[in-house]
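Here is a short briefing on selected local features of one structure.

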Amino acid sequence: MIQFDNTYIDLPDSFYERVKPAKFSNPKLIQFNESLAVELGLDFQGVSDKDLALIFSGQKLIPGSEPVALAYAGFQFGHPVPQLGDGRAHLLGETRGHDIQLKGSGPTRFSRGGDGKSALGPVLREYIVSEAMHHLGVPTSRALCAVTTGEMVRRQAGLEPGGVFTRVAKSHIRVGTFQYFAFKNDVDAIKKLIDYTIRRHYPSLLALTTYREKAIELVKQVIELQSTLVAQWSGLGFIHGVMNTDNCSIAGITIDYGPCAFLDEFEFQKVFSSIDRGGRYSYFNQVPIAKWNILRLVDCLLPLIDEDLEKASQVVENEIFEHFGRFDYKRMQMYAQKLGIKDYVDADDELIMTFLQYLEDEKLDFTLAFRNLKELFKGVQEFYPSTPDLQKFLVAWRARVKNVDLLDQINPVYIPRNHHIQQAIESAYAGEMNPFYTLLKVYADPFNSKSEYLAFQSPPSVSEKVHETFCGT
């Protein structure tokens, strides 16, 4: 089945709690990702659906698994919270360098009064969106399994069916993991954590001998991965929804699909998350927030750079600050690629922003506005209202871009639209799982239009629009 490694438990006990998943009355299998299992070298051939449900609800532990709940802290909406941790998740172990973790699997000492469980809706949402992001080419955690628990859980809307999600990720180390020990002024633990992080995720840094070097170079590497990641989010109209530091991955992957959503009509400051009342994590603000999150990682590492924190801060200013420009550069480079510009330069920013502002002014669907660019380039303007701004863009664009033949490989036709996800969840609650299974098929090939999936290309009608998304806790 799974040949587990358990490298995390080689760290001190302060990094985690050993804790078993909760007991559930009647778990049943919804979906098992066989192709991902094969990629990970997992052999579940001949294992019944009943046993899969028992394994991936935590009722039957595979030999070699040592479940733990990980400790971490975080800044939530800018406010420090010294202890968060896995309040409803159990890391079963690792295989081929990937964590296997259950979500919604019961309470731990980090639950902060919560029940440690998950409603079925967030399980289905994360399964759909994380697999869609993978097929869109975005670094992400992935979905291995989804089960129902046979229980009901109480959430905002009342009682809902429970579920457990099995997440596969390169890592569950977060900026908040470093913050957990920084809040305690535990420099020794931070040193252990940076060594573990480098050993597992950044082997190119293994030759470094001083913690000063390790801290500086690790931050540079994290900046490079996170700037690429957020640029890819921007190119897809993806809004994470809750970019707290505890959701910022040291491995540069998308984790924690809570109140996430995708743009329909374009809006720079669009927010879906019900808890983001100030727009801190709005669509276009994701780049400055990602920078802010990594600066909080820098805060944790200052004592490793120099015991004199003023000197450490000067080192950061001299050696790291310039790298933060990668975030803005990569986002604009991504937009340029979506317009067919292969050799982006800063002078292209005016062209890009003219187009984006036009999309916002005309309330055009983000995904289709880019997908239809090939037709627009040929002079077919049916999708695009004619305005002076459009004509200004067209003149500059056609002078800059000579070939748009490959744009369909960059601009997807299918993205996980919020209303389709919501419809699939509502159907599942009514006992019908086929809409969920259909979405998994649609999003497995997002760049190629198929006649049988035409309905999944369209934006929502007024009555179908999803205006708010919610955390799963």
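Lys363 is exposed, because its relative accessible area is 61% and the cut-off for exposed is over 50%. The model is predicted.

**Lys363**
- Lys363 sits in the loop between α10 (349-362) and α11 (366-371).
- The phi angle of Lys363 is near 55°. That is a positive value in a residue other than glycine.

**Arg112**
- Arg112 lies in the loop between β7 (98-103) and β8 (118-119).
- Phi is near 55° for Arg112, again a positive value in a non-glycine residue.
- Arg112 counts as exposed, because its relative accessibility is 59% and exposed means over 50%.

**Helix pair α3 and α14**
- Two packed helices are described by the angle between their axes and the distance between the axes.
- Helix α3 spans residues 120-135, and helix α14 spans residues 418-429.
- Their axes come within 10 Å and cross at roughly 135°.
- α3 and α14 are therefore oblique to each other.
- The crossing of α3 past α14 is right-handed.
- On α3, the contact is made by Leu120, Gly121, Leu124, Arg125, Ile128 and Val129.
- On α14, the contact residues are Ile421, Gln422, Ile425, Ala428 and Tyr429.
- By class, the contact of α3 with α14 has eight nonpolar, two polar and one charged residues.

How values were computed:
Residues are numbered from 1 along each chain as its sequence is written. This is a predicted model: local features need pLDDT of at least 70, side-chain atom pairs count only at pLDDT 80 or more; totals for chains, interfaces and linings use all residues. Side-chain values use heavy atoms; hydrogens and water are left out. Axes are lines fitted to C-alpha atoms, for helices over the stretch in contact, and angles run from 0 to 180 degrees between N-to-C directions. Helices (H or I, at least four residues) and strands (E, at least two) are DSSP runs, numbered from the N terminus. Angles under 35 degrees count as roughly parallel, over 145 as roughly antiparallel, 65 to 115 as roughly perpendicular and the rest as oblique. A crossing is left-handed if the near helix is turned anticlockwise from the far one by less than a right angle, and right-handed if clockwise. Contact means heavy atoms within 4.5 Å. Ala, Val, Leu, Ile, Met, Phe, Trp, Tyr, Cys and Pro count as nonpolar, Asp, Glu, Lys and Arg as charged, and the others, Gly among them, as polar. Buried means under 20% relative accessible area, exposed over 50%, partly exposed in between (1.4 Å probe, protein chains only).
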